[in-house]
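Work through the exercises below with the sequence and the structure at hand. Try each task before reading its solution.

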Amino acid sequence: MERRQFVRTTLAGAASAAVGMAASPVAHAAQDPALTNIVFTAGDPGHFAGLQKLHVPIVVVADGMLKVRTPHPMSEAHYIVSHTVVLGDGHFVSRKTFNWRDQPVSEHPLPAGFKGSVTVTSTCNLHDWWLTQVTV
Ligand SMILES: [Fe+2]
């Protein structure tokens with residue numbers, strides 16, 4: 001699977017999980033078993049079931065700024081590594097990396113006047129790659 005298709009598929013699954021949308025044709029693709037246990041969402045936590053509340057990024061949009069928080073404890077052995085923000089068309093917005101002494105909170109300016117979907121990832125050093133999608 002090409003990277004772009006992989007990301008589209010993943011994002012569609014996250015979107016459905018995040019907002020409880022009816023499954024789209026793209027969301028159906030997210031149910032590809034090849035992606036299970038590779039990318040995690042609130043609706044598809046795979047083998048990390050039960051860990052969603054600590055790993056799915058929480059996103060608030062205000063005044064053209066995306067504020068991201070992962071409600072995950074931070075210790076030297078177990079911490080959130082990064083947040084990444086990408087627009088629905090694949091345009092990279094920004095990435096914030098953390099060390100274990102940081103709080104997993106970040107801010108990302110959206111392009112002026114942007115309207116559309118935004119995908120946010122939160123990566124845990126032990127529990128991999130979690131994402132959610134919001135519509136601005
Ligand atoms: Fe974790």
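**Exercise 1.** Where is the place of Asn-37? Decide also whether Asn-37 is buried, partly exposed or exposed.

Solution. This is a predicted model, in which local features need pLDDT of at least 70 and side-chain atom pairs count only at pLDDT 80 or more, while totals for chains, interfaces and linings use all residues. Residues are numbered from 1 along each chain as its sequence is written.
- Step 1: Asn-37 lies in the loop between helix H2 (25-30) and strand S1 (39-40). Helices (H or I, at least four residues) and strands (E, at least two) are DSSP runs, numbered from the N terminus.
- Step 2: Asn-37 has 13 other C-beta atoms within 10 Å, so it is partly exposed. A residue is buried if 20 or more other C-beta atoms lie within 10 Å of its own, exposed if 12 or fewer, and partly exposed in between, with C-beta atoms placed from the backbone.
- Step 3: Phi of Asn-37 is near 70 degrees, a positive value in a residue other than glycine. Most residues other than glycine have a negative phi.

**Exercise 2.** Find the element that holds Asp-128, and describe its phi.

Solution.
- Step 1: Asp-128 belongs to strand S8 (residues 128-135).
- Step 2: Its phi is positive, about 65 degrees, although Asp-128 is not a glycine.
- Step 3: Asp-128 is partly exposed because 17 other C-beta atoms lie within 10 Å.

**Exercise 3.** Why is Phe-98 buried? List also the residues that Phe-98 touches.

Solution.
- Step 1: Phe-98 sits in the loop between strand S5 (92-97) and strand S6 (105-109).
- Step 2: Phe-98 is buried because 21 other C-beta atoms lie within 10 Å.
- Step 3: Not counting residues up to four places away in sequence, Phe-98 touches Tyr-79, Ile-80, Val-81, Ser-82 and Pro-104. Two residues are in contact if their C-beta atoms, placed from the backbone, lie within 7 Å.

**Exercise 4.** In which sense do strands S4 and S5 pair?

Solution.
- Step 1: Strand S4 (residues 80-87) pairs with S5 in the antiparallel sense, over five bridges. Two strands pair if DSSP finds at least two bridges between them.
- Step 2: Val-86 has Phe-92 in S5 as its bridge partner.
- Step 3: The hairpin of S4 and S5 has four residues between the strands, and Gly-90 there takes a positive phi near 95 degrees.
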